[in-house]
Amino acid sequence: MVDISWGIPSIVYGTFAFSIMLYFGLRMSLLLGIITVAALIIPIMIRSMDEVFKTVPNELMEAGLSLGSTFSDVAFKIYLKQCIPGVITAIMLAFGRAIGDAAAVLFTTGFTDNIPTSLHQPAATLPLSIFFQLSSPIEAVQNRAYASAVVLMIIIIIVSVLGRYISKRMNHNKI
Amino acid sequence: MENVKIEVENFNLHIKNQHILKNINCCIPEKKITVIMGYSGCGKTTLLKSMNRLTDLYNKVAITGNIYLNNKNIYDKDIEITELRRKMGLMSQRPSSLPMSIFNNVAYGLKISGRKKKISMGLRIEHYLKQVNLWDEVKDRLHEPANSLSIGQQQRLCLARGLAVDPELILADEPTSALDPISSAAIENKFMDLKNSYTIVVVTHTLRQAQRIADNIIFMNAGEIIEQSNAKDFFTNPKHELSQKFISGILA
Ligand SMILES: Nc1ncnc2c1ncn2[C@@H]1O[C@H](COP(=O)(O)OP(=O)(O)OP(=O)(O)O)[C@@H](O)[C@H]1O
Ligand SMILES: [Mg+2]
């Protein structure tokens, strides 16, 4: 189930969410976009974190329990230490997919030239800005598209460098 | 008359359809060293894990019979499993250091036994690392990750961590399998020391080690206990044919 939902193209998520919105008579808004994108990346997170936790050797659980730790102590004090680098990687993977995704938010968040002031207004995501602004005939607007692209790239670079740094810092205790 | 710390009574353990432990009956006397020996795969580790109920983690395991710790059945419903495991102090066959520094590995054990005071922590950790003959090797690198230690060093670290929990029993599954003769001897001496205050069960493949430290021997084969007697009788006058073979086989 999780594996199948990972394979679904994001446009399918977008249109599916859109048809539900039509059914309830909802208008495009930031909130609905957030929900759709969350639905899109949750399977990615589940799958990749599951893989991370699977790599933990069984003995670690046995060692923790035989010291007299409770199950939750082993989970939070031992497993988490072991898994944090992998968990960060999983989050980054999902973040990368979410921030660059245009199709899922096309019908759900909509597009606007204004900065939204509430969750119920439509909003412009960076990929969609690039798409719409680039197709505008006015050169000044086109230039804004390039600016959006740079901003998007910078965000992605910062997040991945930061993620790498943190997971490296945490990695050295891993067994 | 010696006190019985653990009594195993008509104990059977199946995993899937395999009969792993077959009608085990044995006693572990208090403040003595009991050595379990037997060919690889005969169920020694499984027997130890049954004693602290780590076998609960296995899939498709079926258990019949009883194990008593201080005359209390550990398979009773009202037993506190974490408390039981804390008392049991099992060191597993393969050392598994926790994903933290050397210092924190031992500190983890101390914290479980409720000794959390920061001031005395360092001293206590030094004490336990000295007990297992590891202090001199690690005293300058206490805050390095435990996985940077060699297997033999990790084995001693795990023992130190286990002791730091302050258990009533020590169940050591081949505690010296990765150690050189000097470190092994240090651990053996440690056990001889500790048996004044702890009950100790050791699994070993080294016959000489058994001869040196054992008060009692339990000899297993293919999931059954073949012979259990005090060490002297076992080595000088083994009753069962298989035990005779085992002793002469290794000595030869
Ligand atoms: N989790 C498990 N699932 C299935 N079979 C198991 C499991 N654990 C142990 N066994 C089986 O139980 C038997 C006894 O294993 P055990 O680990 O107790 O042997 P051992 O006497 O400790 O051997 P060694 O001296 O090699 O450590 C073996 O045949 C093993 O294959
Ligand atoms: Mg074993």
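Predicted model: local features only at pLDDT ≥ 70, side-chain atom pairs only at ≥ 80, totals over all residues.
I take a contact to mean heavy atoms within 4.5 Å.

Entry 1, chain A contacts. I looked up contacts between residues at least 6 apart in sequence, and 68% of them join residues at least 24 apart.

I found eight helices and zero strands. Along the sequence I read the pattern as α-α-α-α-α-α-α-α. The radius of gyration is 20 Å, well over the 16 Å from the globule rule for 175 residues, so chain A is more spread out than a compact globule. I noted a box of roughly 70 × 35 × 30 Å along the principal axes for the C-alpha atoms of chain A.

Entry 4, ligand 1 surroundings. I listed 13 residues around ligand 1, with B:Ser40, B:Lys44, B:Thr45, B:Thr46 and B:Gln93 the closest. By class, the shell holds four nonpolar, seven polar and two charged residues. Helix α1 of chain B (residues 44-51) gives the largest share of the shell, three residues.

I looked up N or O atoms beside oxygen atoms of ligand 1. In the side chain of B:Thr46, one such atom lies 2.5 Å from a ligand oxygen. For the side chain of B:Gln93 the distance is 2.7 Å. For B:Gly41 a backbone N or O atom is involved, at 2.8 Å. Ligand 1 on its own has 640 Å² of accessible area, and the protein covers 67% of this.

Note on methods
Residues numbered from 1 in each chain as written. Chains lettered and ligands numbered in written order. Heavy atoms only, no water. Near = heavy atom within 4 Å. Polar contact = N/O pair within 3.5 Å; in protein donor to acceptor, adjacent residues only side chain to side chain. Areas by Shrake-Rupley, 256 points an atom, 1.4 Å probe, with all protein chains shown as cover. Helix = DSSP H or I, 4+ residues; strand = E, 2+ residues; numbered from the N terminus. Nonpolar A, V, L, I, M, F, W, Y, C, P; charged D, E, K, R; others polar. Rg over C-alpha atoms; globule rule 2.2 N^0.38 Å.
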